[in-house]
Amino acid sequence: MLSAAAAAVLLGAASLPATSSMRPAHTVAIKGFAFSPKSLTVTAGESVRFVNSDSEAHTVVADNGTFSSGGLDTNDSWTVRLQKPGKYPYFCSLHPYMKGTIVVVARGGH
Ligand SMILES: [Cu+2]
């Protein structure tokens, strides 16, 4: 049986609203030409916010093309929500040696 909160998340997944009241569940810092944490595990549908703290611009691009942030200048942030469980390696297209991974696990598996 679903709680009200879980039902709301499911509704959100269907219509993809990016409301400001929805706080990101996870943050990845981009600092010193690296993603931190380098590997992050989230539950399907949770938000992952990337914040660029470097003086250089960076991007966040999935190896498989699932997502692409576009250029993030200093202090810019960008949020992605992945609905499909799986492993999502990503990199910075401006500095391809910058790599990270988001692992998405299915909801309700615990
Ligand atoms: Cu970069």
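These notebook entries record what I looked up in one predicted protein model.

**Entry 1: Overall make-up**

I began with the secondary structure of the protein chain, which comes to one helix and eight strands. Reading along the sequence, I noted the pattern α-β-β-β-β-β-β-β-β. I then looked up burial: of the 110 residues in the chain, 21% are buried. I also looked up the contacts with a separation of 6 or more, and 48% of these join residues 24 or more positions apart.

**Entry 2: The sheet containing β1**

In what order do the strands of this open sheet stand? I found four strands in the order β2-β1-β4-β6, with mixed pairing. The edges are held by β2 and β6; each has a single partner strand, so one side of each is left without a neighbour in the sheet.

I went through the pairs of this sheet in turn. Strand β1 covers residues 26-30 and strand β4 covers residues 47-52; the two are parallel and share five bridges. Within this pair, I located V28 opposite F50 in β4. Strand β2, residues 35-36, runs antiparallel to β1 and is joined to β1 by two bridges. I30 has F35 of β2 as its bridge partner. Between β4 and β6 I recorded five bridges in the antiparallel sense. Here S47 has R81 in β6 as its bridge partner.

**Entry 3: The turn between β1 and β2**

I returned to β1 and β2, which form a hairpin with four residues between them. In the turn, G32 has a positive phi of about 60 degrees. F33 lies in the loop between β1 and β2. F33 also has a positive phi, of about 55 degrees, although F33 is not a glycine.

**Entry 4: Other loop residues**

Which two residues are joined by a cis peptide bond? They are S36 and P37, and omega is about 0 degrees. I placed P37 in the loop between β2 and β3.

I next looked up N75, in the loop between β5 and β6, where β6 covers residues 77-81. The phi of N75 is positive, near 70 degrees, and N75 is a residue other than glycine. Is N75 buried or exposed? I recorded N75 as exposed, with 10 C-beta neighbours inside 10 Å.

Strands β7 and β8, residues 86-91 and 99-105, run antiparallel and are joined by six bridges. As a point of reference on this pair, I noted that G86 stands opposite V104 in β8.

**Entry 5: A proline in β7**

P89 is placed in strand β7. I counted 13 C-beta neighbours of P89 inside 10 Å, and P89 is therefore partly exposed. What does P89 touch, not counting residues up to four places away in sequence? I listed D63, K99 and T101. I also looked up the spacing of P89 and A62: these residues are 27 residues apart along the chain, while their C-alpha atoms are separated by 5.9 Å.

**Entry 6: The nonpolar core**

Last, I turned to the largest nonpolar core, which has 16 residues. Which residues touch the most other members of this core? I found F50, V60, L82, Y88 and I102. The elements that give two or more residues to the core are β1, β4, β6, β7 and β8.

I followed up V60 from this list. Leaving aside neighbours within four places in sequence, V60 is in contact with F50, S69, W78, Y90 and C92.

Note on methods: Residues numbered from 1 in each chain as written. Predicted model: local features only at pLDDT ≥ 70, side-chain atom pairs only at ≥ 80, totals over all residues. Pairing = 2+ DSSP bridges. Buried ≥ 20, exposed ≤ 12 C-beta atoms within 10 Å, placed from the backbone. Contact = placed C-beta atoms within 7 Å. Core = buried A, V, L, I, M, F, W, Y, C linked by C-beta atoms within 7 Å.
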